[in-house]
Structure formats: structure tokens, C-alpha cells
Amino acid sequence: MNNEITGAEIVLKSLAEQGVEVVFGYPGGAVLPIYDTLFKQNSIKHVLVRQEGGAIHAAEGYARSTGKTGVVLVTSGPGATNVVTGLTDAMMDSVPIVCITGQVPQHLIGSDAFQECDTTGITRPCTKHNYLVKDVNKLSSVFHEAFTIAQNGRPGPVLIDIPKDVQFASGTYEEKNKIIIPSHRLFEPSPDFEKNKIEEAVELISKAKKPIFYIGGGCINSGPRASKLVREFINMVGSPVTMTLMGLGVVGSSDKNSLGMLGMHGMYEANMAMHECDVMINIGARFDDRVTGRLDAFSPNSKKIHIDIDESNINKTINVDVPIIGDVKQVVEKMISIWKEKKYKIDTDSLKLWWDKINKWKEIDCLSYNNEGKQIKPQYAVQRLYELTKNTKTFVTTEVGQHQMWAAQFYKFEEPNRWLTSGGLGTMGYGFPAAIGAQVGHPDALVVDIAGDASILMNIQEMSTAVQYRLPVKIFILNNEYMGMVRQWQELLHGGRYSESYTDSLPDFVKLAESYKAVGLRAKTTEELDDVITEMIETKNTVIADIWVTKEENCFPMIQSGSAHNEMMLSKDQKQDKKSAEKGKILV
Amino acid sequence: MNKSVYASPDQVSETKRHILTVLVDNEPGVLARVIGMFSGRGYNIDSLNVAEVSNDENISRITIVTHGTSEVVSQIEKQLLRIVPVHSVTNLDQEGSSVEAEVALVYIYISDTNKKKVYQLCDLYRARKIENENNTTIFEIAGASERVNRFIKEINEITKVEIVRSGPVAISSIKKNEEE
């Protein structure tokens, strides 16, 4: 037939029809036909990373900062196994990704061929869905279904494994609108979904005396409109609101109702309010263990409303009173209209008492730290970074560890999709490639990776990528020469035995930047800090800013594992009782 | 609820056996997805059965016997529903009345001394002898798992046997609207 094209051409055509503008990838034997087709076209840009792990984090950063689906293209065997961490990360944080992997030709599958691995087998638990495409004529329908599944319901990564012979074979292309995806493969709420539950929830909120909204990453995944509606509803109720690590930015940090982040390193007032509230409204969060602390002491006297698009999150760890399965923007929109229709109003006297109590907790000033001396405190570095970037459109990514928590505590986010961090999986090495992806999606914005000296080395090879594509990503290293969070736990729980948490022989980060033809800057004292930050922002090139911070600073406040929200440690001097510390030690 | 170290102590319901019937698209890897969910999240599979039930629509029915508290089993059901090719999950115990059956094939070592007893017992349980080319004594018994258990226990007391069991399959016995 004349209208037949090759499998590789079908791949590119599918991507183009899906509106894909950029692919992050790395070539290899089993994807050469696709790379050959890529060479012959101009509509899709390819970003060549330096290790496949960088490609998938870059795609995550691109997806989370733009709201589009991130696309990854890697080869078979090691190409595929190198993306496993990123797939798991995207699965945990619900990031829409389509990952294309090459596979050895079908007649070699199962023969332990060169660069062969059971990609669909390996990635089955860390993808929302995956495919091994054996028939070239099914390739386009698989692609269109994959994009839909990646974005639909609770988003997630989808992998398509394509044997090399299928890439060479000829077949017909089917357009997106000709593909019918059976409804059981998707999440499709009925028009009248959860009506009674939503009414029940709104009535419960209207009668609350001590309400709190507990906002998660689901609000961001639901799109910018969800954040708008959530803000509107919270304002109507006049309730305090706290956000998870993934939910930062849904409600602006400067919003009068915001108590900031909750959880293990969250705000004292946020955790206390969670503990003492009488109605909790969880929107798009999943009662993660970093948030709840000890389950049997979690918010003991509250009625709990839980809005989630994924039913398996309901009653998984915390039993709730009013579960609502649905998309945040749809549910909250209904809540607002019911609130208006029934002319609900919360009891202002009790609400005032509640706010008085919260304001008392705020007075504790849980983020305060000793900022004496010329040495830069890591908290101060993040504060200055915020002050000097707050009037610029800025995206902040992080690696994982103490710097991540300080960034979450001290950088103030006013909008959704500006904060990209690995929450569920806690992947060191996420932040830099994610910043590359965010910069590709927003060429004119300022993108800063707040990093630690240990994390940044996990994907430092991507310096080469950033420089090649002239991506002016800023790496802001809080350099304390330790794996800070590991050291902190060793100090608090393991008698100060700093087993393998000190990094000897760190590179000279300034020279490292220069060797990649990027710019390296360094601040050793508080006096140098502002100048370095300003120069970093103004430099139109990739920058590593090596910020020397005090070495043994701890991240507080802290709810130690196995403790409850009302058992926060505010400083090192406040020792936890030994028994619960011992119990908490076995937890992560 | 998950058996996490953060587990809340207020789990009150007792551990019970549940039969789940799962309708899935009959596509490669679907069984691996289902059993992978069980092993990955630390749930139990007591027995598992899978076969295509509808040729035209390419649908298979997986019958899984598991045990757990009602919280655990409800979490299993929800996790199964997240799997893309899964159509539906039914907990047959929750539905109240269902019919279950399984098949066992039993190779019985027969001698002159136990022959009479063996055949008597097989008659009693309506175990059917299966004719085969090698003329060995293989019996087939079908029915509820408890009945099969009793038969196996009694035949074991008489002689040496080799057993293979299918594990139960089950179907709801409640009349559905469309059939009325």
C-alpha cells in the first residue's frame, strides 16, 4: 500500500500529532531507526543528555513546569535500566511521561542478545502502564493511548518498548481521533459524580469550628485552574491552609490564610493546627508518612474529608469520614457553587478563636536560627536567594536532603508549577536535570537548582548538556561537605557517628564549572553572598554558585519518625524522650 | 490498611478468606501486573486461576483467593482497579452468596489390600476415575474446597497419593437485573 510508512516514521508522526515539541534522549543501537527519522525532520527538538537518568528527570522537570507530557527516547538494555529511577520518581509524584525504549529485534528477544533486557518486565511496577509493540500497525494506536493514559486521571509514566525490526517495518498510521480507548482503561467520572458526598463535605466544612485545608500535589496536577478555585474556596471559608512539599504554590506563601508547609520539617503552626483541627479538608494529598508522622496520634479529633482522583489513596493509611473521588478542579468548583447556593457561612467567633490559637503558635517562630558570624547559614543563603529573585519569574528545583527542606521552608512560592522537587521517591540527582527540562520549557525564565554538594554530583555530567544547549540554569550549591540529612540523622539517632556521610575530595566546583565552559562562582562569607547571587542571576550562561555554608547545621523544626504532629523538635537542645527515639530509629 | 511500620493500631477487623474475581483484557503481561501488585505490596495469594472467558471481547477472568482484614482486602481491590487492563473487581464474599468449586486430580497408589477401601471412598465422594493410556488410577474430584480437603485427608489415611488442585473458581449466585 502506498500510504504505508516505517515504524520509526509512525513514532515521529504520533509525537507530532500529540503536540510534542521536545524529546529528551540518548541514542543507541536499538533506536537508530528512530534517530535516523528524527534527523530528517525539524518539528521536534531533541535534547541530548549525558546519561539516560538525566533524560527522564529533565522530562519530569519539563512536564511539571509546563503541564505538558514529558517525552524520553532511549535505547534498549542499559538505556532502559538507566531510566528506571526516573520512572519510579514520576510514578510516585504523578508526573505524565511517555518513555520510548528501543528493544532488540523480535527474533532475538529472549536470547540474551547484546543490550537486551526485559524492559516491560523491569518497568511494570514503576510505570502506570507499559507496552511491548510487536505489530507495526498497532504502533500509532499504542502511542495515542499511551499519551492519554499518562495524562488521564492520576498522571504517571507510560513506557513503550519497540523492537528494532518494528521500527524498520512498514505499516499504516492512524490518527488520534480515530483511536477509541475503552472506558475501563481510563478514569472517567460520571457527570453527576459524588454529588451527595460533595454536599456532605461542604456542610461539614460550614459547621467547622477549627477547620484546616491540607493541600497536596494533586491540586497542581489538576492544572492552574484548580489552584485558582482552591484559593477562592479557602478565602470564602476563611480557613487556615497548609501545603505538602508537593503542594507548595497552590496557595501563595504570602496569602493571609497560608500556614506554609506541614510534615516532618513543616511549620510548627501547620502541624499543631493539623493536630487540633476539628475538620480537615485534604485536597489532592495522600497522607504520606512524611506528613502524618505517627498514625495513631494523627489529628485525633477531626472529621476528615479526602478529595483524591485515585481511589486507592482513600483509607490507605488514614481512615476518612467523607471520601470524594474526583478531579480537584471539578470537585472544588462544585463545592464553591454549593457553598454559595446554600449561603453557608462559618461561625466567625469560633473561627476567630481558632486563628488566635494559630497566631500564638506562630509566635514561636519555628524557623528561627542563629545567624551570627561571618559564615553563611544555609537558611540565610536560601532567604537571600529568595529576596533577590522574587521579582523575576523563577523556577526552583532541588535535589534531596537538608537543602531541599531549607528551600521548601525559606523560598516563598506564590504560584503553582514553579517548584520542582522529588517528593515521593526522594531522588538525589533529580534537581539539576529537572532544571534543564524546566529551562527548555521556559527559555526566558530564571531556573535555579538549589542543590547540596553530594546530590549535585549524582548527575553532574548534565553540565555538558546545559552548556551545549545554552541553557542558563543556575546551580546553587549549599556546600557543607556533608550529606547533610544523613549526618543530621546520625547526630540525632546514631550517637553522632558520621559513618560515610562526609565527602572528602569534593571537586573545586568553580573549576568544574569552568571546565565545562560554564561560569563558576563562590561565596565564603555572608558579605560575599549577595554579590554572588546577583552575579549568578545576571550571567547569561550556565552557572555553578558554590556557597560555603556552616557544616553542621541541622534542619528544624523536625518531627522525628514515629512521633506525632504535636511532638515537634524545634532545636537540637530539645531532646526527644529516649523510648520514642529508639522506636523511631527503625523507621525511615 | 497497609502493613507499614507506621501502621495504626486501631485495626479491629479480623483476617478472613476472600475470593476476588477480576475481569481483565487478555493481553500480554496482564497476569504479571496482577500478581506483581500482590508481591510488590506484600499481599497474600492463596490460590490463583486464570482463563479466557469471552473470545469475542478478549476478556479473561482471574480468580484470586486471598486473606486479610477487610481494610487490607479493600485496599487490594482498589490497587487492582488501578491496573489499566482491569475491567472490574468483585469481592464475592462481600456480595453474600456465590458458588465456588475446584478440581483436583489424584494419582492413587492402589494395591490389593487397599483397593476396596479406595473405591468405596471414591464412590462416597463421587470422585470419577479417569481412563488413561497407561492404565494408572487417577481420580478427578470437583466441588467446594472443603469437600476436596476432606477427600484428600481421608484418602491419605488409606494410601499414598499425588495431588494437583486447580484452586477455587467462583461465581456470584445473585440474580442480575438483565436476566430477570
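Tutor: Let's start with size: the radius of gyration is taken over C-alpha atoms, and the globule rule is 2.2 Å times the number of residues to the power 0.38. This is a predicted model, in which local features need pLDDT of at least 70 and side-chain atom pairs count only at pLDDT 80 or more, while totals for chains, interfaces and linings use all residues. Residues are numbered from 1 along each chain as its sequence is written, and chains are lettered from A and ligands numbered from 1 in the order in which they are written.

Student: What radius of gyration does chain B have, and what would a compact globule of 180 residues have?

Tutor: Chain B has 20 Å, whereas a compact globule of 180 residues would have a value near 16 Å. Its C-alpha atoms fill a box of roughly 60 × 45 × 35 Å along the principal axes.

Student: And how compact is chain A?

Tutor: Chain A comes to 23 helices and 20 strands; helices (H or I, at least four residues) and strands (E, at least two) are DSSP runs, numbered from the N terminus. The radius of gyration of chain A is 25 Å, close to the 25 Å from the globule rule for 588 residues, so chain A is as compact as a globular protein of that length. The C-alpha trace of chain A spans about 75 × 60 × 45 Å along its principal axes.

Student: How is chain B divided?

Tutor: Domain bounds come from an automatic or database domain assignment. Here they give domain 1 (16-95) and domain 2 (98-170) of chain B, with C-alpha centres 29 Å apart. Contact means that the C-beta atoms of two residues, placed from the backbone, lie within 7 Å. On that basis, 9 residues of domain 1 of chain B are in contact with 7 residues of domain 2 of chain B. On the domain 1 side, the elements giving two or more residues are strand 1 (16-25), strand 2 (47-54), strand 3 (59-68) and helix 3 (92-95) of chain B. Strand 2 of chain B provides the largest share of that side, 3 residues.

Student: Which residues have the most contacts inside the largest nonpolar core?

Tutor: A nonpolar core is a set of buried Ala, Val, Leu, Ile, Met, Phe, Trp, Tyr and Cys residues joined through C-beta atoms within 7 Å. The largest has 194 residues, and A:Val72, A:Ile215 and A:Val230 have the most contacts inside it. A second, separate core of 11 residues includes B:Ile108, B:Ala127, B:Phe139 and B:Ile155. Leaving aside residues up to four places away in sequence, A:Ile215 touches several partners, among them A:Val230, A:Val241, A:Met243 and A:Ile283.

Student: I also check backbone angles. Is A:Ser94 buried or exposed?

Tutor: A:Ser94 has phi near 55°, a positive value in a residue other than glycine. The loop between helix 5 (84-92) and strand 5 (97-103) of chain A holds A:Ser94, which counts as buried because it has 25 C-beta neighbours inside 10 Å.

Student: And what about B:Asn135: buried or exposed?

Tutor: B:Asn135 is not a glycine either, yet has a positive phi of about 60°. B:Asn135 sits in the loop between strand 6 (128-130) and strand 7 (138-143) of chain B and, with 7 C-beta neighbours inside 10 Å, counts as exposed.

Student: Where is there a cis peptide bond?

Tutor: Look between A:Phe556 and A:Pro557, where omega is about -5°. A:Pro557 lies in the loop between strand 20 (543-548) and helix 23 (578-585) of chain A.

Key
A residue is buried if 20 or more other C-beta atoms lie within 10 Å of its own, exposed if 12 or fewer, and partly exposed in between; C-beta atoms are placed from the backbone.
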